[in-house]
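This report examines selected features of one protein model.

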Amino acid sequence: MTYIALFLLAFVGGPLIFRALTHNGPSQPAFRRLALFTALCAATGITLRYGFAPLWGRNFMITGAGMLFIWGGWIGVLAYGAQSFRRKDPGFWMRRWTAVIGAVGTTVPWFGLASASLIVG
């Protein structure tokens, strides 16, 4: 059941978050918001991971929240890159391809979790 929830979160939630972050055009305020979002997510995730190291893997809430924040930082980096490409080429095809590649990129961490689960058994 947990893997189904993670699958839905990664394959539905991730692309929706990416779309929300890249919905506005590549303007200067949008870049600032993306940078702030990415920095806050990454800092919070790293703080939960290393600030509560003895609880990591033992406490579901800290581990889950840390992973979600680190994943949010990953999505922010993807959105920032997509907006950078869109700023260079504001055409239809660049918007289309950055949307597709970014949405697919948000699912990469799920494949890591699934692979680790197969290895552990």
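## Threonine 106

Which backbone oxygen does the side chain of threonine 106 reach? In this predicted model, the side chain reaches the backbone oxygen of alanine 103 at 2.7 Å. Threonine 106 itself belongs to the loop between helix H4, residues 92-105, and helix H5, residues 108-120.

Is threonine 106 buried or exposed? Its relative accessible area is 0%, and because buried means under 20%, threonine 106 is buried. Apart from neighbours within four places in sequence, threonine 106 is in contact with Ala10, Gly14, Pro15, Phe18, Trp71, Trp74, Ile75 and Leu78.

## Aromatic pairs

A pair of aromatic rings is described by two quantities, the distance of the centres and the angle of the planes. A search of the whole structure finds seven aromatic pairs. One of these joins phenylalanine 7 and tryptophan 110, with ring centres 5.2 Å apart and planes at 75°. Planes over 60 degrees apart count as edge-to-face, so this pair is edge-to-face. The pair links distant parts of the chain, since phenylalanine 7 is in helix H1 (residues 2-22) and tryptophan 110 is in helix H5, 103 residues apart. Phenylalanine 7 has a relative accessibility of 35% and therefore counts as partly exposed.

Phenylalanine 11 also forms an aromatic pair with tryptophan 110; this pair is edge-to-face, at 5.4 Å centre to centre and with 75° between the planes. Because phenylalanine 11 lies in helix H1 and tryptophan 110 in helix H5, the pair ties together parts that are 99 residues apart in sequence. Phenylalanine 11, at 30% relative accessibility, counts as partly exposed. Ring pairs link Phe7, Phe11, Trp110 and Phe111 into a cluster.

## A charge over a ring

Another arrangement involves an aromatic ring and an arginine. Arginine 49 lies over the face of tyrosine 50, at a distance of 4.9 Å from the ring centre.

## The largest pocket

The largest pocket holds about 710 Å³ of space. Its lining consists of 25 residues, and those nearest the centre of the pocket are Leu6, Thr63, Gly64, Met67 and Leu113.

Which elements give two or more residues to this lining? They are H1, helix H3 (60-88) and H5. Of the elements, H3 gives the most to the lining, with ten residues. Helices H1 and H5, which contribute to the lining of the largest pocket, are also the helices in which phenylalanine 7 and tryptophan 110 are found.

Notes:
Residues are numbered from 1 along each chain as its sequence is written. This is a predicted model: local features need pLDDT of at least 70, side-chain atom pairs count only at pLDDT 80 or more; totals for chains, interfaces and linings use all residues. Side-chain values use heavy atoms; hydrogens and water are left out. Helices (H or I, at least four residues) and strands (E, at least two) are DSSP runs, numbered from the N terminus. Buried means under 20% relative accessible area, exposed over 50%, partly exposed in between (1.4 Å probe, protein chains only). A polar contact is a pair of N or O atoms within 3.5 Å; within protein, one must be able to donate a hydrogen and the other to accept it, and residues adjacent in sequence count only if both atoms are side-chain atoms. Contact means heavy atoms within 4.5 Å. Rings of Phe, Tyr and Trp (its six-membered ring) pair if their centres lie within 6.5 Å; planes under 30 degrees apart count as stacked, over 60 as edge-to-face and the rest as tilted. A charge sits over a ring if NZ of Lys or CZ of Arg is within 6 Å of the ring centre and within 35 degrees of the ring normal. On a 1 Å grid over the protein atoms alone, a cavity is a set of points where a 1.4 Å probe fits but cannot get out, and a pocket is an open set with protein on both sides within 12 Å along at least five of seven lines; lining residues have an atom within 4 Å of a point. Grid points are joined across faces, edges and corners, and a volume is the space filled by probe spheres set on the points.
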